[in-house]
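Here are a few notes from going through the model.

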Amino acid sequence: NGHYTTQGLVNGSQVRFVVDTGASVVALPASDAQRLGLDYRKGQLATVQTAGGPTPAYAVRFNTVRVGGIELNNVEGMVIESGLPIALLGMSFLSRVEMRNEAGQMTMIKRF
């Protein structure tokens, strides 16, 4: 459907992502953050626009984000209180990898 999804790990715990080059950071729904045991409400509070309208979000840093064989440290992120049904693998991760799309399959290679 024109979207790429992948399994990954945030701080060592399983997360399902949609690859989203339009998202500036890795974003987790609050339900995923709670399942992972993240104390995200200590992050800076902001309001973000979702498909469901404005909603509270918290700026956080993830110790690690891993997709396949690529693990990145200290990744900027957000936890969205409501209106986000699946985690977004945004540019705070994607800008540090090279993405190739061949025959409908996306491949990521760590840049640095």
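1. This is a predicted model, and I started with the rings. Counting pairs whose ring centres lie within 6.5 Å, I get one aromatic pair. The partners are Tyr40 and Tyr58, with centres 5.4 Å apart and planes at 65°, so this one is edge-to-face; the cut-off for that label is over 60 degrees.

2. What does the pair tie together? Tyr40 sits in the loop between α1 (30-36) and β4 (44-50), while Tyr58 belongs to strand β5 (residues 53-67), so parts 18 residues apart in sequence are linked. Tyr40 and Tyr58 are both buried.

3. Next, Ser92, which is part of helix α2 (residues 91-94). Is Ser92 buried or exposed? Its relative accessibility is 11%, so Ser92 counts as buried, the limit being under 20%.

4. Look at what surrounds that serine, too. A polar atom of the Ser92 side chain lies 2.6 Å from the backbone oxygen of Glu76. Setting aside neighbours within four places in sequence, Ser92 is in contact with Val75 and Glu76, and also with Ser24, Val25 and Val26.

5. Then there are the backbone angles. Asn11, a residue other than glycine, has a positive phi, near 50°. Asn11 is in the loop between β1 (5-10) and β2 (13-19), and with a relative accessible area of 29% it is partly exposed.

6. Ala103 also deserves a look: it is not a glycine, yet its phi is positive, at about 55°. The loop between β8 (97-102) and β9 (105-110) holds Ala103. With a relative accessible area of 87%, Ala103 is exposed.

Technical notes
Residues are numbered from 1 along each chain as its sequence is written. This is a predicted model: local features need pLDDT of at least 70, side-chain atom pairs count only at pLDDT 80 or more; totals for chains, interfaces and linings use all residues. Side-chain values use heavy atoms; hydrogens and water are left out. Rings of Phe, Tyr and Trp (its six-membered ring) pair if their centres lie within 6.5 Å; planes under 30 degrees apart count as stacked, over 60 as edge-to-face and the rest as tilted. Helices (H or I, at least four residues) and strands (E, at least two) are DSSP runs, numbered from the N terminus. Buried means under 20% relative accessible area, exposed over 50%, partly exposed in between (1.4 Å probe, protein chains only). A polar contact is a pair of N or O atoms within 3.5 Å; within protein, one must be able to donate a hydrogen and the other to accept it, and residues adjacent in sequence count only if both atoms are side-chain atoms. Contact means heavy atoms within 4.5 Å.
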